[in-house]
Amino acid sequence: YIWGQVQKPGLYVVPDDTDLLTLLSSAGGPTEDAKLTKIRIIRPTQDGEKVIWVNLKKYMETGDQSLIPQIKPGDTVIVSGSIFYAFTRAADFLSKVASVISVYILINSI
């Protein structure tokens, strides 16, 4: 699975030798709001779940292929949103709440 700030999140069936970059590309790539410094891979193990953090931005700066892990069966990749994305979501929510309050006040004043 790949969730979060990618163009086409969802379930992807990929070959055994697929790495994170290939999976991200299959999902249409990250969105503008993706936080590329903290991509999370949740990997099931016999002892529970292991979380692997990947800094894709560092890979893009250095080209160091060792920073890109292979995807294993059962992995879930989560691409979080940036701070700007979180701020945008919060502002959108607050504007909707303000609209509802305005309508409520208008109705009560009639």
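**View 1. Strands β2 and β3 pair in the antiparallel sense.** Seven bridges join β3 to β2, residues 34-45. T45 sits opposite G48 of β3. Strands are DSSP runs of E, at least two residues, and helices are runs of H or I, at least four residues, numbered from the N terminus. Two strands pair if DSSP finds at least two bridges between them. The model is predicted: local features need pLDDT of at least 70, side-chain atom pairs count only at pLDDT 80 or more, and totals for chains, interfaces and linings use all residues. Residues are numbered from 1 along each chain as its sequence is written, and side-chain values use heavy atoms, without hydrogens and water.

**View 2. Four strands form an open sheet with mixed pairing.** The strand order is β1-β4-β2-β3. β1 (2-4) and β3 (48-54) are the edge strands, each pairing on one side only.

**View 3. The largest nonpolar core holds 18 residues.** Such a core is a set of buried Ala, Val, Leu, Ile, Met, Phe, Trp, Tyr and Cys residues joined through side-chain atoms within 4.5 Å. L20, L24, I39 and V77 have the most contacts inside it. At least two core residues come from each of α1 (20-26), β2, β3, α2 (56-62) and β4 (76-81). β2 gives the largest share, four residues. L20 touches I39, I41, V54, I68, P69, I71 and V77, not counting residues up to four places away in sequence. Contact means heavy atoms within 4.5 Å.

**View 4. T76 lies in strand β4.** T76 counts as buried because its relative accessibility is 12%; buried means under 20% relative accessible area (1.4 Å probe, protein chains only). Leaving aside neighbours within four places in sequence, T76 contacts Y1, W3, R40, I41 and I42.

How values were computed: Buried means under 20% relative accessible area, exposed over 50%, partly exposed in between (1.4 Å probe, protein chains only).
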